[in-house]
Amino acid sequence: MRLIERFNFIGLKGWFPRLAASAACLVLIVDPAWSQQSPKVRDCTVSENLIEDPQFTALGGTQWQYVQHAGERSFLTNVKDGVLEIKRSGPEPWMILRQSIEHGVVKEGRLKFSADVKGSIGTQPQLHGFPHVAGLWLQAGDMAPDSIVAEHKPNEGYWDWQRISIEIPTSPRHGFSYAGFAHQAYGSIWIKNPVLLIEVCDAK
């Protein structure tokens, strides 16, 4: 019996260095000084609101420009107490009410466009081959592939007032951008308090 006990004791002695090494590793992993290190924070600059006439007081002026697919005007616009309504009234598939905004970006950044939006947008029967949606529209530069059309939810059916936002990247090749509202379905959409910001962050 004593020989067995002595054998077990000798075997345990061989484990002590390994246990000590494992404990050291655990202390290193949970070291508070290491775990409380702060992540690097990027230094970002955000512009003021770049939208001119956010109350829609001069839709026929130079700020807000109405464009549509072709033909006779197929969408009506109406403003009351700073709320813009866009309503389908004809057969053309789509329209955009937009502003052209020069921002002179010198670094990579992001355009962030938001507004309070309410909708009553029908999708049937099918009008055309485009998505039957309505909402915010944003384009960096003068190339259509750099635009997004109501790529947010909701953008069809009925919804009450809510703040909706979209954003896209911009770069030094985009000296200006477009921001506005698109309608390519049935019914009406209402908009108020549009805000366009450009955010530029230092790379770290």
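Q: Which side chains meet in a salt bridge with Lys 112, and how should I read such a contact?
A: The general idea is to look for a side-chain nitrogen of Lys or Arg within 4 Å of a carboxyl oxygen of Asp or Glu. In this predicted model, the side chains of Glu 199 and Lys 112 form such a pair, with 3.3 Å from N to O.

Q: Is Lys 112 buried or exposed, or does it fall in between?
A: Here the cut-offs matter, because buried means under 20% relative accessible area and exposed means over 50%. Lys 112 has 27% relative accessibility and therefore counts as partly exposed.

Q: How many salt bridges does the structure hold?
A: The structure holds 3 salt bridges. One of them joins Glu 167 to Arg 110, whose closest N and O atoms are 2.5 Å apart. Because Glu 167 lies in strand β9 (residues 157-170) and Arg 110 in strand β6, this pair connects parts separated by 57 residues in sequence. Glu 167, at 36% relative accessibility, is partly exposed, and Arg 110, at 31%, is partly exposed as well.

Q: With which residue does Arg 163 form a salt bridge?
A: Arg 163 pairs with Asp 116, and the closest N and O atoms are 3.3 Å apart. Since Arg 163 sits in strand β9 and Asp 116 in strand β6, the pair ties together parts that are 47 residues apart in sequence. Arg 163 is partly exposed at 38% relative accessibility, whereas Asp 116 is buried, with a relative accessible area of 17%.

Q: Where are the bridge partners of Cys 44 and Ile 86?
A: Both partners are found in β11, where Cys 201 is the bridge partner of Cys 44 and Ile 189 is that of Ile 86. Strand β1 (residues 44-46) pairs with strand β11 (residues 186-201) in the antiparallel sense over 3 bridges, while strand β4 (residues 83-88) runs antiparallel to β11 and is joined to it by 4 bridges.

Key. Residues are numbered from 1 along each chain as its sequence is written. This is a predicted model: local features need pLDDT of at least 70, side-chain atom pairs count only at pLDDT 80 or more; totals for chains, interfaces and linings use all residues. Side-chain values use heavy atoms; hydrogens and water are left out. Two strands pair if DSSP finds at least two bridges between them. Helices (H or I, at least four residues) and strands (E, at least two) are DSSP runs, numbered from the N terminus. Buried means under 20% relative accessible area, exposed over 50%, partly exposed in between (1.4 Å probe, protein chains only).
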